[in-house]
Structures are given as C-alpha cells and as structure tokens.
Amino acid sequence: MLLSEQCYKKIDRELAKYPADQRQSAVMASLAHAQVELGWISSDVMAELADYIRMPAIAVQEVATFYNMYNLKPVGKHKISVCTNLPCALSGGVAAANRLKEKLGIDFRGTTDDGAFTLVEGECMGACGDAPVMLVNDQRMCSFMSNDKIDALVEELKK
C-alpha cells in the first residue's frame, strides 16, 4: 500500500457519500487526499486508487491529468501558483511572476535546488479584483502581491 490507513479512512468517507454504483464520483477527492499525504500523484498511486475505487486506471489518469491542481511529479515543499490569466496579467500578475522567478532563481515548473520552492503558472483563481494573486500549496490565497509582499512571503516560507 502506497497510502496510509488514515488516508484510506478519508477516502472511505468520500466513497460513503455516493451510491455503490457511483464510486467513481469520489475520484477527485481521493486524488486530493493522496496528494496531501504524498505531495504528488505518481502513476502507481493512480493505479492503486483505481483498484480501490473500482474504476479503470485510465479513468483516474484522465482526471489527474485534466486538472492542474494535481501534482504529477514531485514538487518543492512550497508550491507557489501565480495567476497569469488576462485580468491578473493586466493587473500585475506577470510582474509578480517575474519577481518570484528572479527571487527564487527558477522558471515556471521549476523547483529550487534545495527542494524548498516550486513555481507554477496557475489558472484563474476567481480573485481577479485582488490581483495579482498567488496560491501557496493549493491552500493559502495571497492577494495584492506587491514586490514587498512577495519578498515577505518568500522569507516567511523559508523559515
């Protein structure tokens, strides 16, 4: 087993929300639980989840590769997603991304040598009025990210 018993208990709670013949409806939540535990979703984890949920492995892979919220390769301790969709791009998103690239010494989809940071280009985060916005580890939304706020965020995450 690649996932812990605790992770499978969480997946079981997700599966319980659906009729027995609709177990596949829990695939997104199951992938999310696996990612929280492991940090990323390998093809072996996808296959294990497919067996557990009782759905074709290719169907799990289709979901995992369709949505950009799933990490399909290892990422740094702190994954920072920067929205560069048009509204954010026009409101400083590109400049914020460039500041992070410069500060971290990496490009999009890159990870720092020490494994501390991964930088990714994010899709719309639904906070256009707060641009530029970033999402840290798929959990923490950071808004109105000026250079000073970006610098402070990086320093905070380094600790």
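Trainee: Why is tyrosine 52 called partly exposed?

Mentor: In this predicted model, tyrosine 52 has a relative accessible area of 28%. Buried requires under 20% and exposed requires over 50%, with partly exposed in between, so the value of 28% makes tyrosine 52 partly exposed.

Trainee: Why does tyrosine 8 fall into its own class of accessibility?

Mentor: The relative accessibility of tyrosine 8 is 7%. Because the limit for buried is under 20%, tyrosine 8 counts as buried.

Trainee: How many aromatic pairs does a search of the whole structure find?

Mentor: The search finds 2 aromatic pairs. In one of them, tyrosine 8 and tyrosine 52 have their centres 4.5 Å apart and their planes at 50°.

Trainee: What makes the pair of tyrosine 8 and tyrosine 52 a tilted one?

Mentor: Rings pair if their centres lie within 6.5 Å, and planes under 30 degrees apart are stacked, over 60 edge-to-face, the rest tilted. The distance of 4.5 Å therefore qualifies the two tyrosines as a pair, and the angle of 50° makes the pair tilted. This pair also links distant parts of the chain: tyrosine 8 belongs to helix α1 and tyrosine 52 to helix α3, 44 residues apart.

Trainee: Why is the pair of phenylalanine 66 and tyrosine 67 described as it is?

Mentor: The ring centres of phenylalanine 66 and tyrosine 67 are 4.9 Å apart and the planes stand at 85°. An angle over 60 degrees counts as edge-to-face, so this pair is edge-to-face.

Trainee: Where is phenylalanine 66 placed, and which class of accessibility does it have?

Mentor: Phenylalanine 66 is in helix α4, residues 57–66. Its relative accessibility of 63% lies over the 50% limit, so phenylalanine 66 counts as exposed. Tyrosine 67, at 34%, is partly exposed.

Trainee: How do you know that the buried residues of α1 line one face of the helix?

Mentor: The buried residues of α1, which covers residues 5–15, are Cys7, Tyr8, Ile11, Glu14 and Leu15. Viewed down the helix axis, these buried residues fall within an arc of 105°, so they line one face.

Trainee: What do the buried residues of α1 pack against?

Mentor: They pack against α2 (27–38) and α3 (43–53).

Trainee: Why does glutamine 24 count as partly exposed?

Mentor: Glutamine 24 lies in the loop between α1 and α2. Its relative accessibility is 36%, between the limits of 20% and 50%, so glutamine 24 counts as partly exposed. Beyond neighbours within four places in sequence, glutamine 24 is in contact with Ile53 and Met55. The C-alpha atoms of glutamine 24 and alanine 59 are separated by 8.9 Å, although the two residues are 35 apart along the chain.

Trainee: What pattern does the protein chain follow along the sequence?

Mentor: The chain has 7 helices and 5 strands, in the pattern α-α-α-α-β-α-α-β-β-β-β-α. Of its 159 residues, 43% count as buried.

Definitions and conventions
Residues numbered from 1 in each chain as written. Predicted model: local features only at pLDDT ≥ 70, side-chain atom pairs only at ≥ 80, totals over all residues. Heavy atoms only, no water. Buried < 20%, exposed > 50% of the residue type's maximum accessible area, 1.4 Å probe, protein only. Helix = DSSP H or I, 4+ residues; strand = E, 2+ residues; numbered from the N terminus. Arc of directions from axis to C-beta. Contact = heavy atoms within 4.5 Å. Phe/Tyr/Trp six-rings, centres within 6.5 Å; stacked < 30°, edge-to-face > 60°.
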